[in-house]
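Dear colleague,

Please find the structure below, handed over for your work. My notes on what was found in it follow directly after.

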Amino acid sequence: MENSEGVKIESTVVTEEPLISALDIALFVVIITVAYFWYFKRDKQSSSSEKKPYTIQPSSLSSIEQTSNSSFIKKLKSTGRSLVVFYGSQTGTAEEFAGRIAKEGARYKMKGMVADPEECDMADLVEMKEIQKSLAIFCIATYGEGDPTDNAMDFYEWLQNGDADLEGLNYAVFGLGNKTYEHYNEIAIYIDQRLEELGATRVHEIGLGDDDANIEDDFVSWKEKLWESVCSHYGIEETGEESNIRQYKLVDCSEVLPERIFSGEISRLKSYENQRFPFDVKNPYLSKIAVNRELHKSGDRSCMHIEFDIDGSKMRYDTGDHVAVYPKNSSELVDKIGELLNADLDAVFSLLNTDEESSKKHPFPCPCTYRTALTYYLDITSNPRTHIMKELIEYASDPKDQEKLKLMASSTPEGKKEFHEWILRDNRNIVHILEDLPSVKPDLDHLCELLPRLQCRYYSISSSPKVYPKSIHITAVLVNYTTSTNRVNKGVATNLLAQLIPTNDELPQPTIPIYIRRSQFRLPPKSQTPIIMIGPGTGLAPFRGFIQERDYARKEGREIGEMVLYFGCRKEDGDFIYENELQEYVANGTLTKLHLAFSRDQPEKKYVTHLLEQNADELWNIIGEKSGHLYVCGDARSMAKDVHSIIVKVVMEKGQMTNSQALNYVKKMEQQKRYSADVWS
């Protein structure tokens, strides 16, 4: 045996105390091990840095964000810019609008940049006054029930809690909302008012975009007036130069090694092959489809019950949460684009931002093939916006096609009408446009730059983790309809899900990327609290989870409060989903009352709202006398509004209040989370 200096020690002498103890030996081993790994890790890094066979490296959104500089002021100053456009976006629309404004700034001698408030130190707004003729524009969406988007949450809280002196900051705000929701554009309105309170100067009045009508029209109209105000405020004139300069340049990546090419991953290369917890919007979990069965018993419509296997994923959800599903476009539509543009869809490429200071180096994960981009990253089924019409003009060889595109890209009344009728009313997507304007042949890489990102789809979870801890259930209606041009449009996510049927043999089961989005749609903390649930159609989904959870508590011997469900569908014998389950819950006492409305089973239409009006005493007994909770899930445009009106009326009549008092009562219920809505338009 040798010590660390190589001196031999006689092991035959047992009467003396050893010179080296077990601790010394352990420390020696640790030192040698650390030195070994340090040396070889350094050697490996050194050698790998010398062996790069190509120049374009795959990038991801997360890596870009980690390396971005949080000081947007430094970027503005170092690049001679005076315009910064922040976006609060959940689906990508606000980010798209921000990009269009920043791009147009060049026409007014204002070099602009787009910024994500989540990546910026927003306290730097106090330094905007140091930049001559500077302007900050905020494109802000309101999400859910009057909440900021995920990436604008920190900025919103900073405004709420801080008292920064923003004197000298010039700003304008455009909000993205939906009038079918009660809290229409609430976040944008708050930010607009709060910036003024902190001393900032409003250059142009707030714009409010309504996604339930025509948010593109709202945005374009506001943007035109915005630039008029900007010119007036700063004493500048429009240069007249067009702003359709490419934001990204094409890079040929044909020499990139196959293992370095993205194939549909959201952010991290090979993330579906090497899954890592935690799973979120940029790192979804590739879940197996455990169950996919039809819920409708007859008729030409389809409603699917789907179960995602999350066993071993460490994912946890709460009753009432949502699950995000990442879809992909149909190969038929993707191939059609390739045919129409005579393009090689399997060519490997990258789009690199021409603005070297931008934190967003690529519009989507690059490098990849055109087929991958069109399948996984780009939205090719929605209605294109007017700026895409404008960009397509230069690719039209037929004067008639050029004129049509120019008209739809214009802000004239005739142009707006044509865009509304030809694009929105007839529901044309980019494939239909290329088919109907055959002389329009855009470069495929430019088209990839123009099209918005394909977004994940959210579904209310229709199960309880207490009963199904290893799976997530959803209830989804298959979207499939014929347009006025006699084309069949299909829902991107539901039509994909309809094809993912698990098998009973040993073949690999179908999979799809998912992640869990937290919700405020929650059962009362106490199981004894009575609740009323109103959910026609697939609005039943979260209430299935609610009932399962209360049933679980009852079986454990806990006391549960009254549970009253209002459910409606077209026909009892055709689309009464989960009928047997609901009847069983009634029989065992978990579900106190089940009110059913089958709209087409009698001459006069019968809806859940009719039943609510008939049961005013029951409603008031639970929400008024017993301080119970009321939940609404489903269509926001009509059903949810009608329910709200009925509740106010019931509170007035049964609570003996004035209209104003009843409105305040219902408002207080909402603030106390006793009146919750999970609705969509």
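**Findings**

Lysine 249 has a relative accessible area of 45% and is therefore partly exposed, where buried means under 20% relative accessible area, exposed over 50% and partly exposed in between (1.4 Å probe, protein chains only). Please note that this is a predicted model, in which local features need pLDDT of at least 70 and side-chain atom pairs count only at pLDDT 80 or more, while totals for chains, interfaces and linings use all residues. Residues are numbered from 1 along each chain as its sequence is written, and side-chain values use heavy atoms, with hydrogens and water left out.

Lysine 249 belongs to strand E8 (residues 248–252); helices (H or I, at least four residues) and strands (E, at least two) are DSSP runs, numbered from the N terminus. Not counting residues up to four places away in sequence, lysine 249 touches Ser350, Leu351, Leu352 and Thr354, contact meaning heavy atoms within 4.5 Å. From C-alpha to C-alpha, lysine 249 and asparagine 353 are 6.4 Å apart in space, although 104 residues apart in sequence.

**Annotated binding site**

An unreviewed UniProt entry carries the annotation "binding site", which covers Arg301, Thr538, Ser599, Arg600, Lys605, Lys606, Tyr607, Val608, Thr609 and Asp642. UniProt positions are given in the numbering used here, feature names are shortened, and annotations may be inferred rather than shown by experiment.

Two of these positions were examined further. Arginine 600 sits in the loop between strand E21 (593–598) and helix H19 (608–614) and is partly exposed, at 41% relative accessibility. Leaving aside neighbours within four places in sequence, arginine 600 is in contact with Arg570, Lys571 and Lys605. Valine 608, by contrast, is found in helix H19 and is buried, with a relative accessible area of 4%. With neighbours within four places in sequence again left aside, the contacts of valine 608 are Ile534, Pro536, Tyr566, Phe567, Gly568 and Ala597.

**Helices**

The axes of helix H20 (residues 616–625) and helix H21 (residues 639–654) come within 10 Å and cross at roughly 85°. Axes are lines fitted to C-alpha atoms, for helices over the stretch in contact, and angles run from 0 to 180 degrees between N-to-C directions. H20 is therefore roughly perpendicular to H21, a label for angles of 65 to 115 degrees. Ala616, Asp617, Leu619, Trp620 and Ile623 of H20 make the contact with Ile647, Val650, Val651 and Lys654 of H21.

Helix H7 (residues 215–234) has 20 residues and reaches 28 Å from its first C-alpha to its last, close to the 28 Å expected at 1.5 Å a residue; the expected span is 1.5 Å times one less than the number of residues. Among the buried residues of H7 are Phe219, Trp222, Leu226, Trp227 and Val230.

**Backbone geometry**

Most residues other than glycine have a negative phi, and most peptide bonds are trans. A cis peptide bond, with omega about 5°, joins phenylalanine 277 and proline 278. The peptide bond from cysteine 366 to proline 367 is also cis, with omega near 0°.

Lysine 314 has a positive phi, near 70°, and lies in the loop between strand E10 (303–309) and strand E11 (322–325); at 57% relative accessibility, lysine 314 counts as exposed. Glutamine 656 likewise has a positive phi, near 50°, in the loop between H21 and helix H22 (659–671), and is exposed at 73% relative accessibility.

With kind regards

Notes. Parallel < 35°, antiparallel > 145°, perpendicular 65-115°, else oblique.
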